[in-house]
Amino acid sequence: MSGTPSSEKSEWTQHMDFSEDEIQRYSRHILLQEVGGTGQAKLKAARVLVIGAGGLGSPLMLYLAAAGVGTIGIVDDDVVDLSNLQRQIAHTTDRIGTLKVESAAKAAKAINPDLNVEAYATRLSADNALDLIGRYDIVCDGTDNFGTRFLIADACALAKRTLVSAAVLRFEGQLSTFKPHEGGPCYRCLYSEAPPPGTVPTCSEAGVLGAVTGVMGTLQATEVLKEILGIGESMSGRLMVWDALDSRFRNIKLRPDPSCALCGPDATIHDLSAHGTPEGPACAI
């Protein structure tokens, strides 16, 4: 099926910000009653921050770019390494040694030159987290250490920003959306505090099947698009766990913790003063 049917074009005429090329590019979205021209306009107006341009961030960012999310921010202070290429599909062999944010931005613009990519070649810290996160509507965590994960979660809760978080290790993945500003549980309702250093291995220590990061990053992108469009059932209040070896998904119900230090009625976390710059290697999976 080629071209754009006249019925689709009639809807698009309500959205004067779209070019003929954009109408053609997003025509398969327009066929979806749940998206249509109105939904595509929401995607174009959206601002999404991706923290970590690695195994999760790569497919996540590429699908957001392909979907027409208008502004994508990318935070990562690392450079492309040969060992990344087994899973970090936004990067290529000829970009080894270049900044990941530059490589990722190039990959996103190659898919969709109309989008705006804001690249931050920096490590997230207590000094810059609230400023960076406050510029975006939705934040995506694709990092690989608990220090950064808790920093992101605390900053999102304080800034009242929706957090779509995924994690992978070996052959397993987890996914959830956190919206404590809308009455849902926060990340600390799931994990009240970080485990002691060295007790939980990172992917660089325990390994990860490359395709597992692709599946979880794609699921993460799907949840971001659902949140922007306001369709389907949010992952807020649920934790999805996937075991690739068993080919099995399961959902665990999450509830706000009344004793949560971040979002509970007697919360004790009101700023990021307890966080420094997370230690360890660059944080993208």
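This is a predicted model: local features need pLDDT of at least 70, side-chain atom pairs count only at pLDDT 80 or more; totals for chains, interfaces and linings use all residues.
1. The pairing of strand 5 (residues 162-169) with strand 6 is antiparallel and runs over 7 bridges. Within it, alanine 167 has glutamine 174 of strand 6 as its bridge partner.

2. Strand 6 also pairs with strand 7 (residues 238-243), in the antiparallel sense and over 4 bridges.

3. Why is strand 6 described as largely enclosed by the rest of the structure? Of the 7 residues in strand 6 (residues 172-178), 5 are buried, and the strand is therefore largely enclosed.

4. The structure contains 5 aromatic pairs. One of them joins phenylalanine 150 and tyrosine 187 in an edge-to-face arrangement, with 5.2 Å from centre to centre and 75° between the planes. This pair connects distant parts of the chain: phenylalanine 150 belongs to helix 8 (residues 146-159) and tyrosine 187 to helix 9 (residues 187-190), 37 residues apart.

5. Are the two partners of this pair buried or exposed? Phenylalanine 150 has a relative accessible area of 3%, and because buried means under 20%, this residue counts as buried. Tyrosine 187, at 5% relative accessibility, is buried as well. Both residues belong to one aromatic cluster, formed by Phe146, Phe150, Phe178, Tyr187 and Tyr191.

6. Two charged side chains are placed over aromatic rings. Lysine 44 lies over the face of phenylalanine 18, at 4.8 Å from the ring centre. Arginine 47 lies over the face of tyrosine 136, where the corresponding value is 4.6 Å.

7. Helix 6 (residues 100-111) comprises 12 residues. Its reach from first C-alpha to last is 17 Å, close to the 16 Å expected at 1.5 Å a residue. The buried residues in helix 6 are Lys100, Val101, Ser103, Ala104, Ala105, Ala107 and Ala108. For the reader considering their spacing, an α-helix has 3.6 residues a turn, so residues three or four places apart point the same way.

8. Which elements cover the buried residues of helix 6? Among them are helix 5 (57-67), strand 2 (71-75) and strand 3 (116-120).

Definitions and conventions. Residues are numbered from 1 along each chain as its sequence is written. Side-chain values use heavy atoms; hydrogens and water are left out. Buried means under 20% relative accessible area, exposed over 50%, partly exposed in between (1.4 Å probe, protein chains only). Helices (H or I, at least four residues) and strands (E, at least two) are DSSP runs, numbered from the N terminus. Two strands pair if DSSP finds at least two bridges between them. Rings of Phe, Tyr and Trp (its six-membered ring) pair if their centres lie within 6.5 Å; planes under 30 degrees apart count as stacked, over 60 as edge-to-face and the rest as tilted. A charge sits over a ring if NZ of Lys or CZ of Arg is within 6 Å of the ring centre and within 35 degrees of the ring normal. The expected span of a helix is 1.5 Å times one less than its number of residues. Contact means heavy atoms within 4.5 Å.
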